[in-house]
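This briefing sets out selected features of the structure displayed below. Please keep the display at hand while reading the points that follow.

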Amino acid sequence: MYYLSSDLFFPPVSEANWDGVLAIGGDLSLERLQLSYKSGIFPWFEEGEPIMWWSPNPRMVLFLGELIVSKSMRNILNRNIFTVTFNQNFRDVISNCQNIERDGQNGTWITNDMIEAYCKLHELGIAKSVEVWQDKVLVGGLYGIDLGHVFCGESMFSIVSNASKVALIALVNQLKKEDYKLLDCQVYNPHLESLGCREIDRTDFMKILKSK
């Protein structure tokens, strides 16, 4: 495991330990965050902890053509009960992702410093959001880092049932139109698997990441 200094550097992802931790320390500067995602690395830590940088193996991803949309979900989409926008309320989306309660988690890994850093990335057009509205109220959404051929999903939230799924479907449809390679979902969870995401070897992920 590497301890980062102020130098703008990351070790090769192959140096990550068994659970995916590659390095500790450094900062959340715009330059370091951009380098991390381009290198297959992302920050993940809790308030009060040092910054931890991850590159897990295997990697959870969604190949866009493999998205699973259930019949019940198609019915919801056809009813047009939600409205979807892109990049209209990034700060509200990431703040909701910070505050939403999640099963099995006592706190959040989205610290206030991370919110400010990602909002600055949003101002540069690098971090992007999807917003889901119902009766003009923000009820769901997601955000992530746009690398131009790979979208690195960071977090999603849902205040009403299915709103985050609507956000994901809208994002995937947009990425397909723009010929993206895949959606990076970072680490396994059963909900993502039910939507068609699957784990691939980190080496294969890095080949796709570096293919542009």
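A residue is called buried when its relative accessible area is under 20%, exposed when that area is over 50%, and partly exposed in between (1.4 Å probe, protein chains only). The model is a predicted one, in which local features need pLDDT of at least 70 and side-chain atom pairs count only at pLDDT 80 or more, while totals for chains, interfaces and linings use all residues. Residues are numbered from 1 along each chain as its sequence is written, and side-chain values use heavy atoms, with hydrogens and water left out. Helices (H or I, at least four residues) and strands (E, at least two) are DSSP runs, numbered from the N terminus.

- L171 belongs to helix 5, which covers residues 163-177.
- Because its relative accessibility is 5%, L171 is classed as buried.
- Contact means heavy atoms within 4.5 Å. Apart from neighbours within four places in sequence, L171 has F86, V130, L142, F151 and L183 as its contacts.
- L171 and G141 lie 30 residues apart along the chain, and 9.9 Å separates their C-alpha atoms.

- Two strands are said to pair if DSSP finds at least two bridges between them. On this basis, four strands make up an open sheet in the order 1-2-4-3, and the pairing is mixed.
- Strand 1 (2-4) and strand 3 (42-43) are the edge strands, each of which pairs on one side only.
- Strand 1 and strand 2 run parallel and are joined by three bridges; here L4 has G25 of strand 2 as its bridge partner.
- Strand 2 (residues 21-25) and strand 4 (residues 52-54) run antiparallel, again with three bridges.
- Strand 2 is mostly covered, with five of its five residues buried.

- Axes are lines fitted to C-alpha atoms, for helices over the stretch in contact, and angles run from 0 to 180 degrees between N-to-C directions.
- Four bridges connect strand 6 with strand 7, and the two run antiparallel. In this pair F86 is opposite V130 of strand 7; F86 and V130 are also among the contacts of L171.

**Helix packing around helix 4**

- Angles under 35 degrees count as roughly parallel, over 145 as roughly antiparallel, 65 to 115 as roughly perpendicular and the rest as oblique.
- The axes of helix 1 (residues 30-38) and helix 4 (residues 112-123) come within 10 Å and cross at roughly 80 degrees; the two helices are therefore roughly perpendicular.
- Helix 1 contributes L30, L33, Q34 and Y37 to this contact, and helix 4 contributes A117, Y118, K120 and L121.
- Ala, Val, Leu, Ile, Met, Phe, Trp, Tyr, Cys and Pro count as nonpolar, Asp, Glu, Lys and Arg as charged, and the others, Gly among them, as polar. The contact of helix 1 with helix 4 accordingly comprises six nonpolar, one polar and one charged residue.
- Helix 3 (residues 90-99) packs on helix 4 at about 155 degrees, with the axes 10 Å apart, and the pair is therefore roughly antiparallel.
- In this second contact, F90, R91, I94, S95 and Q98 of helix 3 meet N112, M114, I115, E116, Y118, C119 and H122 of helix 4. These residues divide into six nonpolar, four polar and two charged.

**Backbone features in loops**

- The peptide bond between N57 and P58 is cis, with omega about 10 degrees. P58 is located in the loop between strand 4 and strand 5 (59-62).
- D135 lies in the loop between strand 7 (127-134) and strand 8 (137-146). Phi of D135 is positive, near 55 degrees, in a residue other than glycine, and D135 counts as exposed at 72% relative accessibility.
- K136 is placed in the loop between strand 7 and strand 8. K136 has a positive phi of about 65 degrees although it is not a glycine, and with a relative accessible area of 81% K136 is exposed.
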